[in-house]
Each structure stands twice: as C-alpha cells, then as structure tokens.
Amino acid sequence: MAVLTVLTFPDERLRTKAKPVNDINDSIRTLVADMFETMKAERGVGLAATQVNVHQQVIVMDVSDDQDTPLVFINPKVIEQRGTKINEEGCLSVPNNYAKVERAEWIKVSALNEHGEEFTMEAEGLLAVCIQHEMDHLQGKLFVDYLSSLKRQRIMKKLEKEARIAAKS
C-alpha cells in the first residue's frame, strides 16, 4: 500500500469529472487500498479518487469513531434523498478550512463494492454528508463551490500563500 498525494484547491485537476469504473480488477482494489492508506495518513474520513488524481468513480470512507468500518463506493448514485440540513464541512483538498454547506439530510445510494457486488445503503448524519461530499468530487465539485465567491477567493488566496511559503522552505 502507498500513501498518495492529495491534490489541493485550486488545482484544476480537482475539476475533472470522473469516469465510471468498467472493470473491478486488481488495479482498482490496489487503488482502494492506497486510498484508505492515504485517507488514514491525512486523518480524513472520506476520499474520492479525483482527489488523488485518478479520475474514476471510486470513493472510500470510514466515519466510525474507531476507524474500523471501511466503506467503498464504486460508481455511486443517489437514488433517493429527503430533507435538508446544514453541516460544517472540511476537506483534505481544502486543508484547514471549514464552512457550512446545505445537503440532503437522508439519502439512499447504490454502488458497487471492491468485489464488484452491487449494494444499496441508506444514510443520514455524518455518513450522508460524507457520501454527498465525496460524490461531488467525482463531478469535479468542491465544498467551496457552495460558498460565496468572496469566501471562495479568500480560501484560495490563503492556500496559495501557504503553498508559496511551503515551497520556499
């Protein structure tokens, strides 16, 4: 397993729409394992393949307190949703920045797991937020896109400054 590099906003590669996975093979299973390794190393609860510059519809997550309930979603689709709720979100691709985002309160999602088995799952709370957040990544969308252009510009300038400082050291 390998820790992959997580792209950070405003990297344009984060805007790429992911393609469906046609064949769940060892390459995809290796990607899933590497994504879990990366997510844990970065102390995240979810990661979309787009964030590690792989533009296929693959998501990994584990929102459990003990990080012992790994979930894999390949080619996910929300098939039902209800209600709305505003939650504060953060993102490994927008480090150290948080904002309130409105999402569906409850969702039903269908996907494939890393063995190619289809499943459906109902989710609410943090799990529902995380699934929707990561699915946005597969469409080239970030949580900052829900913010005003002023807030988005502030975050972008802050991250660009941090990148310049890091490059000098």
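This report walks through a predicted model of one protein, from its overall build to some of its individual residues.

## Before you start

Because the model is predicted, local features need pLDDT of at least 70 and side-chain atom pairs count only at pLDDT 80 or more, while totals for chains, interfaces and linings use all residues. Residues are numbered from 1 along each chain as its sequence is written, and side-chain values use heavy atoms, with hydrogens and water left out.

## The overall build

Let's begin with the whole protein. It has three helices and five strands; these are DSSP runs numbered from the N terminus, where a helix (H or I) has at least four residues and a strand (E) at least two. Followed along the sequence, the elements give the pattern α-β-β-β-β-β-α-α. The radius of gyration is 16 Å, close to the 15 Å that the globule rule gives for 169 residues, so the protein is as compact as a globular protein of that length. Here the radius is taken over C-alpha atoms, and the globule rule is 2.2 Å times the number of residues to the power 0.38.

Along the principal axes, the C-alpha atoms fill a box of roughly 45 × 40 × 30 Å. Of the 169 residues, 44% count as buried. Buried means under 20% relative accessible area, exposed means over 50%, and partly exposed lies in between, with a 1.4 Å probe and protein chains only.

## Salt bridges

Side chains of opposite charge can pair when their charged atoms come close. A salt bridge here is a side-chain nitrogen of Lys or Arg within 4 Å of a carboxyl oxygen of Asp or Glu, and the structure holds six of them. One of these pairs is Asp11 with Arg13, whose closest N and O atoms are 2.6 Å apart. Asp11 is partly exposed at 22% relative accessible area, and Arg13 is partly exposed at 39%.

Another pair joins Arg15 to Asp145, with the closest N and O atoms 2.5 Å apart. This pair links distant parts of the chain, 130 residues apart: Arg15 sits in the segment before H1, and Asp145 in the loop between helix H2 (125-138) and H3. Arg15 is partly exposed at 29% relative accessibility, and Asp145 is partly exposed at 25%.

## A buried pair and its network

Arg103 and Glu89 also form a salt bridge, with 2.6 Å between the closest N and O atoms. Arg103 belongs to strand S4 (residues 94-112) and Glu89 to strand S3, so the pair links parts of the chain 14 residues apart. Arg103 is buried at 5% relative accessible area, and Glu89 is buried at 3%. Salt bridges that share partners join Glu89, Arg103 and Asp136 into one network.

Cys91, in strand S3, is buried at 11% relative accessibility, and its C-alpha atom is separated by 9.3 Å from that of Val45, 46 residues apart along the chain. Asn97, in strand S4, is buried at 7%. The C-alpha atoms of Asn97 and Lys161, 64 residues apart along the chain, are separated by 14 Å.

## A positive patch

## Backbone details

Which peptide bond is cis? The bond from Phe9 to Pro10 is, with omega near 15°. Pro10 has its place in the segment before helix H1 (26-41).

Two loop residues have a positive phi. For Asn53, a residue other than glycine, phi is near 65°. Asn53 lies in the loop between strand S1 (46-48) and strand S2 (58-61), and at 33% relative accessibility it counts as partly exposed. Gln67 is not a glycine either, and has a positive phi of about 50°. Gln67 is placed in the loop between S2 and strand S3 (71-91) and is partly exposed at 26% relative accessibility.
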